[in-house]
Amino acid sequence: MTQGAWICLLAPLAGAWTITVMGDTISRRTAAWISTLSVFVAFGGALATFVGLLRRSEEERAALTTAWTWLSTGNFEVGLTLLVDPLAATMMLIVSGVGGLIVLYSVGYMDGDDEERRYFAYMSFFVFSMLLLVQAGNFLILLVGWGLVGLASYLLIGFWHERREAVAAAKKAFIMNAFGDATMALAFFVLIWQTGTLEFAGAFEGAELMSSTALNLVALGLLGGAVAKSAQIPLHTWLPDAMEGPTPVSALIHAATMVTAGVYLIVRAHPLFELAPSIQDLAAGLGAITLLVAGLVALVQTDIKRVIAYSTMSQIGYMFLGVGLGAYGSGMFHLMTHAFFKALLFMAAGLVIHHLAGEQDIRRMGGVRRVMPRTYLAFLVGSLALVGIPPLSGFFSKDSILAAALASGGYGAILFVAGLLGALLTGIYTFRLFFVVFLGEPSPLVKQHAQGHDSGHGSGEGPWTMTVPVAVLTLLAIIGGWVQIAGVWHPFGDRLEVVAESLVEPSVVQDYVASAFAVGLGLLGMGIAWAFYAARRRRELPRAAAARNVLEHKLYFDELYDALFYRPAVWIAGIWRRWIEEPLIGGSITGLSLGARRAGGALGEAQSGYLRSYALAIATAVAVLVVVFVAVQ
Amino acid sequence: MTTALIFLPLAGALLVWLLPLPGRASGVLATLIALAEVALFAVAVGRFDFGESLQLVDRQSWFSDLGVSYHVGFFGFSLWLAGLTVVVCAAAIGYATWANRERARAYHGLLLFLTGSIVGVFAAQDLLVFYVFFEAMLIPLYVLIGVWGGERRAFATVKFVVYTMAGSLLMLASIIVFGLSQGTFDLVDSGVSSNDWVFLGFLAAFAVKAPLFPFHGWLVDAYRESPSEVAAILSGVVSKAAVYGLFRIAIAKFPEPVQDFQVPILVAATIGLVYGSLLAFRARDVRSVTAYSSMAQMGLIVMGLFSLNELGINGAILQSVAHGLVSASLFLLAGMLETRTGTSAFARLGGLARGRPDLATVLLVVGIIALAVPGSVSFAGEFLILAGIYAEGWGWAAIGAGAIVLAAMYMLRLISAVLHRSRGEAVRDEALDLRPAELAVVLPLLAALLFLSASPNSITERNFPIQRADVAEAAE
Amino acid sequence: MQGPDVTWYLVVSALLFSIGTLGVLLRRSPLIVLLSLEIMLNSANLALISFSRLHGDHDGQIFALAVMAVAASEVVVGLGLIVAVARRKLILDVDRFRVLRG
């Protein structure tokens with residue numbers, strides 16, 4: 001079982017290494033297939049691990065395996081350790097499975113790009129890093145994986161590095177994530193000094209003895225990292241910009257896997273969060289705020305990928321809400337279904353973008369249904385799943401979170417209302433996108449590309465490497481929710497209970513009430529979108545210029561951070577350079593030499609050249625010496 | 001063994017100076033000697049027992065009535081610093097050979113002489129021997145920068161020498177007082193002192209060498225005007241002599257003054273960290289960024305040393321090795337950039353990644369290790385240092401953590417300015433990718449960094465013996 | 001022995017020394033400075049001989065002879081310098097010879 005884990009982890013790394021070292025000696029296609037193969041091998045390893053875990057009894061479901069000691073000084077020791085348990089196995093399957101499909105999709109999507117080899121090396125490297133993160137057996141290795149996925153994200157967002165916007169977006173993503181890394185590191189320092197170890201088991205045990213201030217600090221530090229990585233408010237501004245990367249990258253990193261790492265972290269470290277309940281509540285609150293704000297901003301976005309990006313932010317808000325309330329199983333369940341339908345949406349969007357030769361502005365699209373009927377279906381399935389219409393996967397997962405909120409007392413009730421509002425917004429923005437892009441008369445741009453593409457793409461909508469993964473994900477988006485039907489059967493939740501016991505158990509009534517409201521509001525949202533964007537006689541959008549302005553500027557967060565951090569840093573650096581550095585560099589030596597020269601000059605006055613003054617000096621000196629001599633006697 | 005390690009490069013220098021070989025050939029000879037030194041070092045590592053303290057000792061009496069002897073030997077941690085020296089110097093000499101400097105015999109001879117002196121500093125176990133080698137480092141540097149440097153080399157050299165000498169003379173005074181009061185100048189035999197002034201004399205020299213804020217006035221010009229491989233040695237290795245001195249002498253021999261001055265020193269180190277990082281963030285060319293980044297990293301290392309606990313000190317040693325390799329690589333890469341484009345200024349660079357995959361990959365990898373991406377050896381060092389300094393106060397660790405973000409900012413800025421976006425005006429199509437010779441020089445450094453990133457423990461568990469030696473104890 | 005006490009000789013010597021010193025310090029003509037120097041030397045001679053008379057041995061007198069020899073050599077050099085200066089028609093003023101200043 002642990003061998004499966006190692007294979008799962010190392011296969012993508014081997015793939016990335018091979019592609020890097022072989023460089024130009026292998027063709028671009030070969031590089032692409034090496035990468036795809038490596039990720040599928042990883043999936044095989046993950047599957048083996050999963051099966052291996054199934055066969056074990058409940059008590060033995062966590063295994064640690066260490067390669068070598070990574071760092072040790074005195075009593076503190078950290079090994080290159082992997083942890084294999086149901087939580088890790090679930091994530092491994094999602095990452096390598098969905099990842100494999102997306103890498104396969106990239107084979108078609110990135111075909112023809114000059115730098116394909118670099119792309120696939122980076123993709124394999126990303127999968128390796130993400131797997132390291134979820135399989136980490138202690139906090140430090142988790143942080144290593146955490147940082148490396150941030151690095152992979154930087155490399156892939158800035159893949160087309162001749163574009164100034166892409167480079168800037170990549171830097172922004174990395175730096176915001178680095179801030180999260182820093183807060184996590186601080187949390188780890190507290191843990192080291194209080195408990196002496198960063199191993200999960202040891203830290204959790206030791207944490208019981210820590211003061212509540214220390215616990216709050218640790219949890220806050222971890223939350224900071226989670227918020228940064230998962231693009232929750234207030235560290236969310238990097239995610240929309242990250243859409244500068246190729247679409248498969250957005251699908252893999254910024255929808256299915258990396259951004260969900262924050263949720264994983266909270267579940268993995270749940271004992272720490274449970275010991276700092278105010279921080280855990282904060283997590284749920286931030287999730288709720290994010291899901292609302294992101295939903296609102298998505299209403300006015302005109303770039304197809306940015307709508308989906310804000311949708312991701314919003315859905316992760318749901319996950320934070322869930323795990324913040326202690327509904328770990330529900331949160332992870334939504335993580336999985338979201339990976340399916342969000343990746344599906346991105347990839348379907350990618351098919352559209354690819355077909356329209358790179359166009360991403362929805363205002364220039366319309367009637368794509370006529371030209372790409374299968375993509376239309378896939379996108380429809382994805383959208384319905386996202387809004388949470390039964391019996392698609394999103395319904396089961398989102399509603400389990402809402403039910404948990406309903407079952408969590410007063411605070412939970414507020415969050416429940418927020419979640420419901422979010423469901424309404426989801427309905428509106430999702431179907432706004434759907435209707436604008438797919439329905440109606442084909443726009444001029446669409447007609448221009450209606451003939452399909454030339455060589456290499458087979459018929460119509462795209463090569464098999466792109467359409468097959470989309471088809472698979474469509475299927476998963478439909479049936480993926482059927483592993484956890486509230487009140488009927490819940491194998492998914494049960495397996496995770498061993499690792500992270502849920503803090504709330506909604507009753508059957510609460511489940512149904514939550515579902516009823518959620519589905520109702522979702523349908524209402526779809527209806528509103530229909531009224532404004534698809535009906536025969538469309539209603540006019542309300543003007544609301546001020547609100548529209550605020551939303552279009554994404555609530556001015558970017559401007560705020562620029563003013564709060566970037567400008568002051570530049571200003572301080574400038575001040576220091578002028579007033580400290582330049583005098584110090586230039587001045588110190590010239591000052592010294594001037595001083596030396598002046599002192600010399602002053603002393604030089606004594607050498608007047610006058611014979612008589614010299615004589616006087618001699619005479620005086622002798623007289624003084626004589627007096628001293630006599631006095632001393 | 002240790003004497004051989006010190007005097008092989010010195011003898012080699014003499015050989016290179018005397019043999020009338022033409023330019024490239026003397027460079028090749030020098031490179032071969034440097035590689036032989038690396039091999040000799042490997043043998044020394046093989047012979048070293050990491051469970052024991054001071055080893056590979058050579059001792060000869062010198063001025064017996066004063067208690068001065070030629071006493072050299074290695075501890076675990078100083079062995080790694082010496083290793084860093086020989087590897088970086090070999091790379092630098094290799095690069096100099098490839099770059100075909102003028103008056104090659106003199107140049108290579110000086111580089112070898114520098115190598116030997118630095119190894120001598122790390123091996124010294126007697127104060128006067130330490131002082132001799134410490135000053136001996138200065139002579140070749142003075143000539144190398146002053147003769148082969150850039151346009152403002154005269155100014156840079158004079159400043160560098162004056163600053164260093166000022167510190168060294170104060171240190172000499174301290175050495176004399178210490179030695180006479182202890183009755184011996186030997187570091188192993190002598191006891192501890194609680195004299196603040198003597199401590200400050202030592203501190204002065206090391207504060208200039210590191211450099212520690214605000215004694216860094218010599219830094220930027222010296223790094224900018226030196227030939228790139230000399231800058232590599234300066235920032236990668238020579239600054240670590242300060243680390244050795246601070247740990248082996250200042251901390252080990254002055255436990256009370258160290259406690260008294262701990263906070264002011266930490267303050268200076270922290271200011272240096274933040275100051276260097278911010279100035280690196282706004283610097284306008286590759287060399288300046290690397291120079292200020294060096295200053296910031298040395299501030300971090302000094303913070304680690306003066307946390308006075310195991311985590312911090314081990315982190316400081318690890319980070320010294322890591323930073324040495326990173327900084328040397330960056331300066332060598334800067335040199336390679338300058339040969340191709342005539343400049344290292346950001347405003348005139350850009351777009352170098354296209355068509356030059358080797359250069360892009362190497363610069364990218366070195367850059368991300370420089371910013372201490374989690375998983376890299378510099379991250380391990382930084383983590384240990386900050387974990388150590390946390391015990392002295394959470395504020396230090398918080399500022400240090402903030403510096404992580406700043407490091408990301410300035411390194412990514414450097415990478416993008418050189419590699420990304422559209423082609424700068426100084427970049428022409430003919431600017432080639434890295435040649436095999438250049439790769440041969442920089443890849444070993446990179447390989448070392450990657451190896452250490454996979455297993456930083458190779459160093460940290462071998463700094464101090466499992467049963468504590470007098471050095472580590474004195475630091476507790 | 002007849003004559004005044006040794007003390008009085010020393011007084012005269014001191015007086016002569018002071019006159020000579022003042023002459024060196026205050027006069028501007030090199031010739032007069034040399035003259036004053038001679039007076040100082042001779043005052044020293046007088047003191048030496050007085051002490052010789054006091055102690056009753058000849059050490060002082062012999063030393064005085066040595067001093068006379070030195071004085072004579074120094075006068076030769078000094079006068080030679082003055083003659084050289086006069087030959088070049090430069091003004092004989094000590095304050096004008098300032099070339100060797102700092």
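Predicted model: local features only at pLDDT ≥ 70, side-chain atom pairs only at ≥ 80, totals over all residues.
Two pairs of chains are in contact, and chains A and B share the most contacts. The contact between chains A and C takes 11 residues from chain A and 11 residues from chain C. Helix α26 (residues 611-632) of chain A gives the most to the side that touches chain C, with 5 residues. The chain A side of this contact comprises 6 nonpolar, 4 polar and 1 charged residues. Chains B and C do not touch, and 26 Å separates their nearest C-alpha atoms.

## Chain A overall

Chain A contains 26 helices and 2 strands. Its C-alpha trace spans about 120 × 60 × 55 Å along the principal axes. Of its 633 residues, 57% count as buried. Among contacts in chain A with a separation of 6 or more, 81% are between residues 24 or more positions apart. The domain assignment divides chain A into domain 1 (314-552) and domain 2 (559-590). The centres of these two domains of chain A, taken over C-alpha atoms, are separated by 48 Å.

## Two helix pairs

In chain A, helix α1 (residues 2-22) meets helix α4 (residues 116-135), the axes coming within 8 Å and crossing at roughly 155 degrees. Because angles over 145 degrees count as roughly antiparallel, α1(A) is roughly antiparallel to α4(A). The crossing in which α1(A) passes α4(A) is left-handed. From α1(A), the residues in the contact are Ala5(A), Cys8(A), Leu9(A), Pro12(A), Leu13(A), Gly15(A), Ala16(A), Ile19(A) and Thr20(A). The α4(A) residues are Arg117(A), Phe120(A), Ala121(A), Ser124(A), Phe125(A), Val127(A), Phe128(A), Leu131(A), Leu132(A) and Gln135(A). Sorted by class, the contact of α1(A) with α4(A) has 14 nonpolar, 4 polar and 1 charged residues.

In chain B, helix α4 (residues 104-123) packs with helix α9 (residues 228-253) at an angle of about 25 degrees, and the axes are 9 Å apart. Because angles under 35 degrees count as roughly parallel, α4(B) is roughly parallel to α9(B). The crossing of α4(B) and α9(B) is left-handed. Leu114(B), Ile118(B), Val121(B) and Phe122(B) of α4(B) make this contact with Ile233(B), Val237(B), Val238(B), Ala241(B) and Tyr244(B) of α9(B). The contact of α4(B) with α9(B) has 9 nonpolar residues, no polar and no charged ones.

The geometry of the two pairs is set out below.

| Helix pair | Axis separation | Crossing angle |
|---|---|---|
| α1(A) and α4(A) | within 8 Å | roughly 155 degrees |
| α4(B) and α9(B) | 9 Å | about 25 degrees |

## A covered helix in chain A

Helix α10 (residues 247-256) of chain A is mostly covered, with 10 of its 10 residues buried. The buried residues of α10(A) are Thr247(A), Pro248(A), Val249(A), Ser250(A), Ala251(A), Leu252(A), Ile253(A), His254(A), Ala255(A) and Ala256(A). What covers them includes α3 (86-109), α4, α5 (139-157), α9 (238-241), α14 (304-324) and α15 (328-355) of chain A. Helix α4(A) is also the partner of α1(A) in the pair described above.

## Individual residues

Gly410(A) lies in helix α19 (residues 409-438) of chain A. Gly410(A) is exposed because 7 other C-beta atoms lie within 10 Å, where 12 or fewer is the limit for that class.

In chain C, Val67(C) belongs to helix α3 (residues 59-87). Val67(C) is partly exposed, since 15 other C-beta atoms lie within 10 Å, a count between the limit of 12 for exposed and that of 20 for buried. Not counting residues up to four places away in sequence, Val67(C) touches Leu41(C), Ala44(C) and Asn45(C). Leu46(C) is 21 residues from Val67(C) in sequence and 11 Å from it in space, C-alpha to C-alpha.

Notes
Residues numbered from 1 in each chain as written. Chains lettered and ligands numbered in written order. Helix = DSSP H or I, 4+ residues; strand = E, 2+ residues; numbered from the N terminus. Contact = placed C-beta atoms within 7 Å. Nonpolar A, V, L, I, M, F, W, Y, C, P; charged D, E, K, R; others polar. Axes fitted to C-alpha atoms, helices over the stretch in contact; angles between N-to-C directions. Parallel < 35°, antiparallel > 145°, perpendicular 65-115°, else oblique. Left-handed = near helix turned anticlockwise from the far one by under 90°. Domains from an automatic or database assignment.
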